[in-house]
Amino acid sequence: MALDEPDQDDIKETINGILVAIDPRIQLNTETLILDLAGDNSGLVLLGNTGNCC
């Protein structure tokens with residue numbers, strides 16, 4: 001996860017009003033992920049990763 005400008009070949013989607021750029025090589029691995037606030041409010045976490053990606 002990064003706060004960079006999207007690459008030209010990235011898949012760009014607006015999710016909950018936020019522009020998200022996804023590398024097409026890992027798009028299938030991100031379909032079930034949830035971006036959430038950590039339980040201790042220390043930052044963001046990705047939930048739902050059951051593979052070895054992301």
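Predicted model: local features only at pLDDT ≥ 70, side-chain atom pairs only at ≥ 80, totals over all residues.
**Overall architecture**

The mean pLDDT of the protein chain is 84, and 91% of its residues reach 70 or more. The secondary structure comes to one helix and four strands, which run β-β-α-β-β from the N terminus on; helices (H or I, at least four residues) and strands (E, at least two) are DSSP runs, numbered from the N terminus. Taken along the principal axes, the C-alpha atoms fill a box of roughly 35 × 25 × 15 Å. Of the 54 residues in the protein chain, 11% are buried, where buried means under 20% relative accessible area, exposed over 50%, and partly exposed in between (1.4 Å probe, protein chains only).

**Surface patches**

Patches are made of residues with over 30% relative accessible area and no salt bridge, like charges being joined within 9 Å and nonpolar side chains (Val, Leu, Ile, Met, Phe, Trp, Tyr) within 5 Å. Accessible areas come from the Shrake-Rupley method with a 1.4 Å probe, and for residues only the protein chains shown count as cover.

A negative surface patch is formed by Asp4, Glu5, Asp7 and Asp9; Lys and Arg count as positive and Asp and Glu as negative, whereas His and the chain ends are not counted. The place of a charge is taken as NZ of Lys, CZ of Arg, CG of Asp or CD of Glu. Asp4 lies in the segment before β1 (11-15). Another member of the negative patch, Asp7, is 14 residues from Ala21 in sequence and 7.9 Å from Ala21 in space, C-alpha to C-alpha. Ala21 is found in strand β2 (residues 18-22).

A nonpolar surface patch of about 370 Å² is made by Leu35, Leu37, Leu44 and Leu46, with β3 (34-37) and β4 each supplying at least two of its residues. Leu37 is found in strand β3.

**The salt bridge**

A search of the whole structure finds one salt bridge, a term that stands for a side-chain nitrogen of Lys or Arg within 4 Å of a carboxyl oxygen of Asp or Glu. Arg25 forms this contact with Asp23, the closest N and O atoms being 2.5 Å apart.

**Two loop positions**

Gly17 is placed in the loop between β1 and β2, and Asn41 in the loop between β3 and β4. Although Asn41 is not a glycine, it has a positive phi of about 60°. Gly17 and Asn41 are 24 residues apart in sequence and 21 Å apart in space, C-alpha to C-alpha.

**Accessibility of the residues discussed**

| Residue | Relative accessible area | Class |
|---|---|---|
| Asp4 | 64% | exposed |
| Gly17 | 68% | exposed |
| Ala21 | 34% | partly exposed |
| Asp23 | 22% | partly exposed |
| Arg25 | 72% | exposed |
| Leu37 | 46% | partly exposed |
| Asn41 | 56% | exposed |

Technical notes:
Residues numbered from 1 in each chain as written. Heavy atoms only, no water. pLDDT = per-residue confidence, 0-100.
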